[in-house]
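Welcome! Here is a short tour of some pockets, a helix contact and a charged pair. Take a look at the sequence and the model first.

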Amino acid sequence: MGRYEEIDRYVVTLIEQSSPEYTAWNIEKVRAGKPADWNYVDGCMMTALLSMTEITGDSRYYDFAESFIDSFVNGDGSIRNYKTEGHSLDDINEGRVLFSLYEKTGKEKYQKAARFLRQRLDEQPRTFEGNFWHKQIYPNQVWLDGIYMAQPFAALYEKHLGKGDYSDIVRQIENVRAHMRDEKTGLYYHGYDASREAFWCDKETGLSQNFWLRAIGWFSVALADLMEILPEGEGKNSLKAIFVQLMQDAARFADPDTGMYWQVVDQAGREGNYLESSGSSMIAYAMLKGARLQVLPQSFAALGRKTFDGIMNTCMNFADGQMNLDHICLVAGLGPENNRRRDGTYAYYISEPVVRNDAKGVAPFLLCYTEVKRLSPAD
C-alpha cells in the first residue's frame with residue numbers, strides 16, 4: 001500500500017512540468033513538437049485532476065485544471081483553436097469540466113463555452129440510425145471512443161443547462177448495443193460503418209474486425225459516468241442493463257494473475273499481444289465506480305481493485321527515483337481512406353507505439369485511483 005502514496009507526488013511532478021501551452025502527458029503533441037490545444041487527451045487529464053482534488057483536498061490539481069481551461073475559453077464562450085469544420089467528437093470531451101468549473105468560479109464564460117459545444121453537437125452529422133459520426137473525415141462511422149467523447153458531456157449539459165431530456169443519449173447507446181456487440185463474446189467491436197463503405201469494415205455488418213481494449217474501455221467509462229449523471233427512470237435502466245452486461249462479459253477476459261486486460265481483448269497470449277494499462281485502468285474504474293454507485297454487485301469492487309493493483313505491480317516503474325506509467329498504447333484508429341495501415345486487423349493493433357506517461361493512460365489510472373480511495377480512504 002505504501003506505493004499508493006507515490007501517486008500524488010507523481011501527478012504533482014507532471015503538473016510542474018506542464019503549462020497551458022505544453023503538457024508533459026500529451027505524448028502525441030510532444031513528439032510532434034506542437035503546442036497544447038483543445039483536445040480530448042488534455043480533457044481526460046483535466047477530469048482526472050478535478051477528481052484528484054475532490055479526493056485528496058490538494059488544491060494544486062484544481063488550480064492547474066482551472067488555469068488550463070481558462071486559457072482556452074474566450075470571454076464570449078468561444079474556444080481558442082477550436083476547429084468547427086472538423087466535426088470531431090473528440091473535441092467535445094474536454095467540455096465536461098466546464099460545469100464544475102462554473103459552479104466553483106462563477107465565470108460566465110464557462111457556461112457560454114458549454115453552450116458553444118452543445119451547438120457543435122447539434123451540428124454534428126449523424127448516421128441514418130441517428131448516431132453521431134465520429135468525425136467529418138469518418139463519414140457514417142460510429143466508434144466506441146466517441147460515446148465517451150460526447151455522451152457524458154451531453155448528459156451533463158442536459159442536467160445543468162438543458163431540459164433534462166436524455167432520450168437521444170440513451171437511443172445512441174442502444175444503437176451501439178444493437179449493432180456493435182458480439183453475441184458470442186459479449187465484447188464490442190471498435191467501429192461500425194452504417195454505410196458499409198469503409199475499407200476496414202465487413203460489408204454485411206459494417207463492423208471492424210477486432211475488440212480493441214481501449215475502445216471498450218472508453219465505452220465502459222462512459223456508461224459508468226452516465227450512471228452517476230442520469231436521473232432514475234426508464235432511460236437509466238436501459239443503460240444500466242447494457243453496463244452490467246458489459247462488465248460481466250469483460251470480466252471473463254481478465255488476466256488471472258494480474259487482473260489486467262489484453263490490447264486485443266480476446267487474444268490472450270497471442271504473439272505480440274500485451275497487457276495494456278490504459279484500457280485496463282478504464283475497465284477497473286468502471287467496475288469500481290459501478291460497485292460504489294450500487295449499479296454493479298459489490299464483487300466488482302474487488303475485481304476492479306485487483307486490476308488496479310495489477311497495473312501498479314506490472315506497469316508502474318519506480319526507477320531512478322521517478323515514477324512512470326508504462327504499457328500505454330499511444331493511439332489506434334480506423335482509417336481514414338488515405339491511411340489504410342489502420343485497418344483494424346490484429347497485426348495493426350499490436351503495431352501501434354507503446355509509450356509511458358501519456359494521459360490516455362495516466363488519466364484513467366488516476367480516476368481509478370480516486371475510486372480506490374473512495375472505497376478505502378485509509379489507503
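In this predicted model, 26 residues line the second largest pocket, and those nearest its centre are Thr-47, Glu-54, Arg-96, Ser-100 and Glu-228. The volume of the second largest pocket is about 660 Å³. Its lining draws two or more residues from each of helix 3, helix 5 (98-105), helix 7, helix 9, helix 11 (277-292) and helix 14 (359-375). By residue type, the lining of the second largest pocket divides into nine nonpolar, six polar and eleven charged residues.

Now for the largest pocket, which holds about 1,000 Å³ of space. Helix 2 (27-32), helix 3 (40-56), helix 7 (144-160) and helix 9 (213-229) are the elements that give two or more residues to its lining. Which helix gives the most to this lining? That is helix 2, with four residues. In total, 38 residues line the largest pocket, and Glu-28, Lys-29, Tyr-40, Asp-90 and Lys-135 lie nearest its centre. The lining of the largest pocket is made up of 16 nonpolar, nine polar and 13 charged residues.

| Pocket | Volume | Lining residues | Lining by type |
|---|---|---|---|
| Largest pocket | about 1,000 Å³ | 38 residues | 16 nonpolar, nine polar, 13 charged |
| Second largest pocket | about 660 Å³ | 26 residues | nine nonpolar, six polar, eleven charged |

Next, let us turn to a pair of helices. The axes of helix 4 (residues 59-72) and helix 5 come within 11 Å of each other, crossing at roughly 105°. Because angles of 65 to 115 degrees count as roughly perpendicular, helix 4 is roughly perpendicular to helix 5. On the helix 4 side, Tyr-62, Glu-66 and Ile-69 make the contact, while helix 5 brings Leu-98, Leu-101, Lys-104 and Thr-105. The residues of this contact divide into four nonpolar, one polar and two charged.

Finally, we come to charged pairs. Side chains of opposite charge can pair when their charged atoms come close. How many salt bridges does a search of the whole structure find? The search gives 31 salt bridges. Glu-6 and Arg-9 are separated by about one helical turn, because they sit three residues apart in helix 1 (residues 4-16).

How values were computed. Residues are numbered from 1 along each chain as its sequence is written. This is a predicted model: local features need pLDDT of at least 70, side-chain atom pairs count only at pLDDT 80 or more; totals for chains, interfaces and linings use all residues. Side-chain values use heavy atoms; hydrogens and water are left out. On a 1 Å grid over the protein atoms alone, a cavity is a set of points where a 1.4 Å probe fits but cannot get out, and a pocket is an open set with protein on both sides within 12 Å along at least five of seven lines; lining residues have an atom within 4 Å of a point. Grid points are joined across faces, edges and corners, and a volume is the space filled by probe spheres set on the points. Ala, Val, Leu, Ile, Met, Phe, Trp, Tyr, Cys and Pro count as nonpolar, Asp, Glu, Lys and Arg as charged, and the others, Gly among them, as polar. Axes are lines fitted to C-alpha atoms, for helices over the stretch in contact, and angles run from 0 to 180 degrees between N-to-C directions. Angles under 35 degrees count as roughly parallel, over 145 as roughly antiparallel, 65 to 115 as roughly perpendicular and the rest as oblique. Contact means heavy atoms within 4.5 Å. A salt bridge is a side-chain nitrogen of Lys or Arg within 4 Å of a carboxyl oxygen of Asp or Glu.
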